[in-house]
Every structure is written in C-alpha cells, then in structure tokens.
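Trainee: I've got a model open and would like to talk through one residue and the ligand site. Could you walk me through them?

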Amino acid sequence: MIRLGLIGKTNTGKTTFFNAATLQSAEVSTYPFTTKQPNYGIAYALSPCVDSEFNVKCNPKSAPCVDGWRYLPLELIDLPGLIKGAWAGKGLGNQFLSVASQSDALLHVVDASASVDEEGRLTEPGKGNPVADVYDIEEELVIWLMKVLERNEERISRALRSGKSLPEAMAEPLRGMRVTEQHIEMALRLAGLSNKDFENWNMNDDRKFAQVLREVTKPTIIVANKIDVEGSEKFYQELVEKFPDRIVVPVSAEAELILRRAEQKGLIRYKPGEEKFVITGGSALTEQQRWALDVINERVFGKYMRTGVQFAINVAVFKLLRMNVVYPVYDVRTLTDRQGNVLPDAFLVPADATVRDLAERIHKDLAKGLLYAIDVRTGLRLPADYRLKDRDVIKIVSTTAHG
Ligand SMILES: Nc1nc2c(ncn2[C@@H]2O[C@H](COP(=O)(O)OP(=O)(O)OP(=O)(O)O)[C@@H](O)[C@H]2O)c(=O)[nH]1
Ligand SMILES: [Mg+2]
C-alpha cells in the first residue's frame, strides 16, 4: 500500500488534517509539539469507477464505491512537528524523520495564516513566515539525509571496493527509506555526480546529492493550511509565487474535520472532496454550528471551492506519484471474479507497473504461470511487460490460474 507522510512545523495542523482524512481522534492542541509519536491511519484516493462506462453496477470486495467514486485505500502517517534546528535535536521531530522517510510522498503542511512563530507557538495571524518555514523544514530533511549518508560512508566505500556500482552500494543502507538504485542513478545524474569518484566528493557534493535525492525519492506537495483564517490569502499567493515548480494546495483541515464530523452526525450531507454540502439536520443544529457552517461556506467554499484535504491527497497520488487505477477481473464478459462480484477490485499501481507486476501483486502463483493479459475494452492481448494505463480493466491469463 502506498504511504503518504504529513510533515511540517509544529502547530501547522498536521494532526487536524490527519483526523479529517482518517476520521480518527488523535490529539490536537494549540501548544507546540502536541503529537509525540506518529499516528497511522487509512485515507483514500478517489477515482471515478469504470462501472458506468461498462453499464454495470459494481460490487467491490476492495476499494469501496460511493456514488460512482472508488475509494482506494492508502496509509497516511501524521508525524510529530518539526522546527528549525531539528537535525541537531531541537524539538522532537528529528527522531521521527526515519518514519517520514518510509513514505512514498510527503504532504508538507504549512500555516498559510502565518500564525506560528519561530519557536512554534501560536501567535497573531500574519506574524509568522510560511515561506521561510517551507525552506527551513525541508532543509531539516536534507541535513538529516546528509547525516544518514555520512554515517554510512564507510559501508558505501567498502561495497564499492568489493566491486559494486555506486547506485548498488548506496541503495543498500537506504533501502528502508524506499530508495531504489534507479532513484540513486537519477539523483546522481541530476546532481551532476554520475562521473565523479565517490571518494572525492566534497561537502558541496554531499549536500547537492542529498537535496536532489530528497526531491527524487520524496516528492512533496505544499499544503497551505488554515485558509479559512482572514488574511491567509496573501500568504497562500506568496507560497505559489515563491515555489513556482511545486504544487501548492490551499487547505482548511479544520473545515474538513467539522464537515466530516457533522456528516457523521447526520447534520449535513457531504462527501470528501465535494464542492458543496447540504444542511439536512434542520433544527438539530445549534446556533454555533450554523455559524461555523456559514463561515466555512463563505471563507472556504466561496473562495477556494473545496476544503482541499481530499484534493491534496488525490493530487499527491495521481499527479505527484502518477499512480494509475487498474481493475483486474476473471470473466471478461461479466467483469466479475469467480464468485460473480462485478469489478471486485481496484488497485493503485505505479505509472510504470506492468501486467507482470499486477499479477505478482494479486498472487505469486498467478505470476509464476503468467502468459498474457486481455484488455477488456478492446479484447486485445497484452504482453506480460505491457505497462498498465489508468482505468485499465484486464483479465490476467496464467497457466496457474487463481482468482
Ligand atoms: N483556523 C484553522 N485552524 C486550524 C486548522 N488546522 C489546524 N488548526 C489549529 O491549529 C492548531 C494546531 O493544530 P494541530 O493539528 O495540533 O497541529 P500539528 O501540526 O499536528 O501540531 P504538532 O503535533 O504540535 O506538530 C490547533 O489549534 C488547530 O485547531 C485550519 O485549517 N484552520
Ligand atoms: Mg500533531
């Protein structure tokens, strides 16, 4: 399962985002460093189900379908807050950077209302500096990564002496961080270090490499949170301008949390990611609840169309990680599994995943006898190394059938 990590300075709203996306109740507070241990939960990326295209009604075993949208599960990790100087032991986020490093992508939560000061305390909106926070926090990650490489320098040199290539030698100590040889090759190329002897790397090379490796292995979107606060628009615009090559998503985690909780209580009708909500609770709503919903309508939906929580997750999965959704079936006519469930599964797979990768994921035995796949839309045979496309519906044909 893919994993997204929530990182950011303390008090920016990571846990609020996590609670909104997973409907858990992890502790949120106005004090710095509230989260002391990572929180783990399941969130979902949403993709339109293919059932209407095929004129069938799906009956999912995995990835539930609600009003035509498949909910594809992924793991979301909420991490303790960071602060400038974390790499040197300031705050308590540093020890958890190894947990962040096990993610496939990161959501960097910043306080776009600029109400977090240098020490991480909540202050008057506008007093903080979200742009500086992005630099500072991502710098912490780079320094941390440099330290990891430094600690493993001897091990890498030894592996090189035993005849391994640099990507091979480096991949070993970094495997736990979901870093592959391909990642390292790409980072070496982008840092201009492909042809430089590792023994001759200087401090600048170490730094450049750590920086690029972070970008390659931990693609990161910027979550500009607290956009419901008056004055945050200016800082959101500043973030967009100062980081032209990054995806910046405006978010109100608090609004999403309020809406999801109100929906659970039957007070409103609302689905994550939707651009509206409808009050259904009538007189059950207190004055205060009505007021809060009015504020959300005006400041969040009125300006940004959505709360951004679901949007940020979708962007991370489909734009940043470029994942595809594929639907394996057993019967190409009925689109069912052997038990007759229509479009039983929908899986998130990486952009370069092949028929063989999908077979492996479903069952080792299926992969062992893999012959080819059938593309249900066209009836064409697809070779084992065919790269799956988004919303492909396919039947895997294997001598060791499984299903
Ligand atoms: N107005 C507004 N406040 C928010 C929003 N998200 C979080 N907050 C508030 O910001 C404060 C900090 O929220 P947390 O979710 O605990 O922040 P955190 O990033 O997890 O903090 P640490 O665990 O200390 O790193 C709380 O008072 C939240 O209610 C938002 O979207 N809008
Ligand atoms: Mg927290």
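Trainee: Which residues does S252 touch, not counting those up to four places away in sequence?
Mentor: This is a predicted model, where local features need pLDDT of at least 70, side-chain atom pairs count only at pLDDT 80 or more, and totals for chains, interfaces and linings use all residues. Residues are numbered from 1 along each chain as its sequence is written, chains are lettered from A and ligands numbered from 1 in the order in which they are written, and side-chain values use heavy atoms, with hydrogens and water left out. Contact means heavy atoms within 4.5 Å. On that basis, S252 touches N225, K226, I227, D228, V300, T307 and V309.

Trainee: Is S252 buried or exposed?
Mentor: Buried means under 20% relative accessible area, exposed over 50%, partly exposed in between, using a 1.4 Å probe and protein chains only. S252 has a relative accessible area of 0%, so this residue counts as buried.

Trainee: How many residues does α1 give to the shell around ligand 1?
Mentor: Helices are DSSP runs of H or I with at least four residues, numbered from the N terminus. The largest share of the shell comes from α1, and that share is three residues.

Trainee: By class, how many residues in the shell around ligand 1 are charged?
Mentor: Asp, Glu, Lys and Arg count as charged, Ala, Val, Leu, Ile, Met, Phe, Trp, Tyr, Cys and Pro as nonpolar, and the others, Gly among them, as polar. The shell has 13 polar and five nonpolar residues, and the charged ones number four.

Conventions. Helices (H or I, at least four residues) and strands (E, at least two) are DSSP runs, numbered from the N terminus.
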